[in-house]
Amino acid sequence: DQVMDFFVRLGGMRHMDPGCEEVQAWVKELQAFFTEHYYNCTNQILAGLGEMYVADERFRNNIDKHGDGTAAFVCEAIRIYCVK
């Protein structure tokens with residue numbers, strides 16, 4: 001449920017630029033959450049998760065319950081975060 005809270009928040013930001021400071025702050029928080037609760041979530045791992053969110057239909061459909069296009073938006077926001 002806690003992870004899905006990030007997608008709810010990010011889904012509400014779909015109208016924003018995925019590279020904007022506010023969205024990027026939430027991506028940073030998502031990465032920190034994974035590191036604190038699961039594993040050391042490096043930028044490489046985070047980038048892979050972002051890709052999985054759109055490539056795997058199960059993830060995409062679940063994330064997009066929080067607004068059509070949320071998975072793609074999160075993927076792009078993560079991509080931008082990881083190349084900085």
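These legends go with a set of close-up views of a predicted model.

Residue numbers start from 1 along each chain as its sequence is written, and local features are taken at pLDDT of at least 70, side-chain atom pairs at pLDDT 80 or more, and totals for chains, interfaces and linings from all residues. Side-chain values rest on heavy atoms, with hydrogens and water left out.

**View A. Phe6 and Trp26, an aromatic pair between helices H1 and H2.** Nine aromatic pairs turn up in the model, where rings of Phe, Tyr and Trp (its six-membered ring) pair if their centres lie within 6.5 Å, and planes under 30 degrees apart count as stacked, over 60 as edge-to-face and the rest as tilted. Here the ring centres of Phe6 and Trp26 are 5.9 Å apart and the planes sit at 75°, so this one is edge-to-face. Phe6 belongs to helix H1 (residues 2–11) and Trp26 to helix H2, so the pair ties together parts that are 20 residues apart in sequence. Helices are DSSP runs (H or I, at least four residues), strands are E runs of at least two, and both are numbered from the N terminus. Phe6 is buried at 10% relative accessible area, while Trp26 is partly exposed at 25%; buried means under 20%, exposed over 50%, and partly exposed in between (1.4 Å probe, protein chains only).

**View B. Phe33 and Phe34, another edge-to-face pair.** The centres of these two rings are 6.3 Å apart, with the planes at 65°. Phe33 is buried at 9%, and so is Phe34 at 7%.

**View C. Tyr38 on a nonpolar surface patch.** Tyr38 sits in the loop between helix H2 (21–37) and helix H3 (43–55), and is exposed at 54% relative accessible area. With Tyr39 and Ile45, Tyr38 makes a nonpolar patch of about 300 Å². Patch residues have over 30% relative accessible area and no salt bridge, with like charges joined within 9 Å and nonpolar side chains (Val, Leu, Ile, Met, Phe, Trp, Tyr) within 5 Å; accessible areas come from the Shrake-Rupley method with a 1.4 Å probe, and for residues only the protein chains shown count as cover.

View D. The largest nonpolar core has 22 residues, and Phe34, Leu46, Tyr53 and Ile78 touch the most other members. Such a core is a set of buried Ala, Val, Leu, Ile, Met, Phe, Trp, Tyr and Cys residues joined through side-chain atoms within 4.5 Å. H5 (70–83) is among the helices that supply at least two residues each, and gives the most, with seven. Leu49, in helix H3, is buried at 12%. The C-alpha atoms of Leu49 and Ile78 are 8.7 Å apart, although 29 residues separate them in sequence.

**View E. The two salt bridges of the structure.** A salt bridge is a side-chain nitrogen of Lys or Arg within 4 Å of a carboxyl oxygen of Asp or Glu. Asp56 and Arg58 meet at 2.6 Å, N to O; Asp56 is buried at 17%, whereas Arg58 is exposed at 64%. Arg79 and Glu76 have their closest N and O atoms 2.7 Å apart. Both lie in helix H5, three residues apart, about one turn of the helix. Arg79 is partly exposed at 40%, and Glu76 is partly exposed at 28%.
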